[in-house]
Amino acid sequence: DSEALRKDNDSVEKKMDDIRDKKSGLSRQIDVLRANIETLNNEKSNLANQKGRLEAAATQQEEHLKRLESRKGWFLREYPGLFSSTEHSSAQIWQGELDSAV
């Protein structure tokens, strides 16, 4: 009778060891998942910051483009033939600029 009791006790101990091993493995997996979540949250924050910087840069570029368009309008009014000239005459204008710089 004590032999059967010892076998039952050994079986219970083995099951308890298995449960402890599984619990330990699950704890390690939970730790890994927590670290992954932290990494993903940091990356999400970095991407949000990058998005903000890119949006600000895009706004600056749009404002710069508006200023350039405004200047182009002024040039068109002041020098009406400048932008309607052919590529050949534009090349002559640039050549004149180069000649005057030399």
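Val 12 is partly exposed, with a relative accessible area of 46%, where partly exposed lies between buried (under 20%) and exposed (over 50%), for a 1.4 Å probe and protein chains only. The residue sits in helix H1, which covers residues 2-78. Together with Met 16 and Ile 19, Val 12 makes a nonpolar surface patch of about 270 Å². Such patches consist of residues with over 30% relative accessible area and no salt bridge, nonpolar side chains (Val, Leu, Ile, Met, Phe, Trp, Tyr) being joined within 5 Å and like charges within 9 Å; a salt bridge is a side-chain nitrogen of Lys or Arg within 4 Å of a carboxyl oxygen of Asp or Glu.

The model is predicted, and local features need pLDDT of at least 70, side-chain atom pairs pLDDT 80 or more, while totals for chains, interfaces and linings use all residues. Residues are numbered from 1 along each chain as its sequence is written, and side-chain values use heavy atoms, without hydrogens and water.

The protein has two helices and zero strands, taken as DSSP runs (H or I, at least four residues; E, at least two) numbered from the N terminus. Of its 102 residues, 3% are buried. The accessible surface is about 9,500 Å², 56% of it belonging to carbon and sulfur atoms (Shrake-Rupley method, 1.4 Å probe; for residues, only the protein chains shown count as cover).

Three aromatic pairs are found in the whole structure. The ring centres of Trp 74 and Tyr 79 are 6.3 Å apart with planes at 80°, so this pair is edge-to-face (rings of Phe, Tyr and Trp, the last by its six-membered ring, pair with centres within 6.5 Å; planes under 30 degrees apart are stacked, over 60 edge-to-face, the rest tilted). Trp 74 is partly exposed at 39% relative accessible area, and Tyr 79 is partly exposed at 44%. Trp 74, Phe 75 and Tyr 79 form one aromatic cluster.
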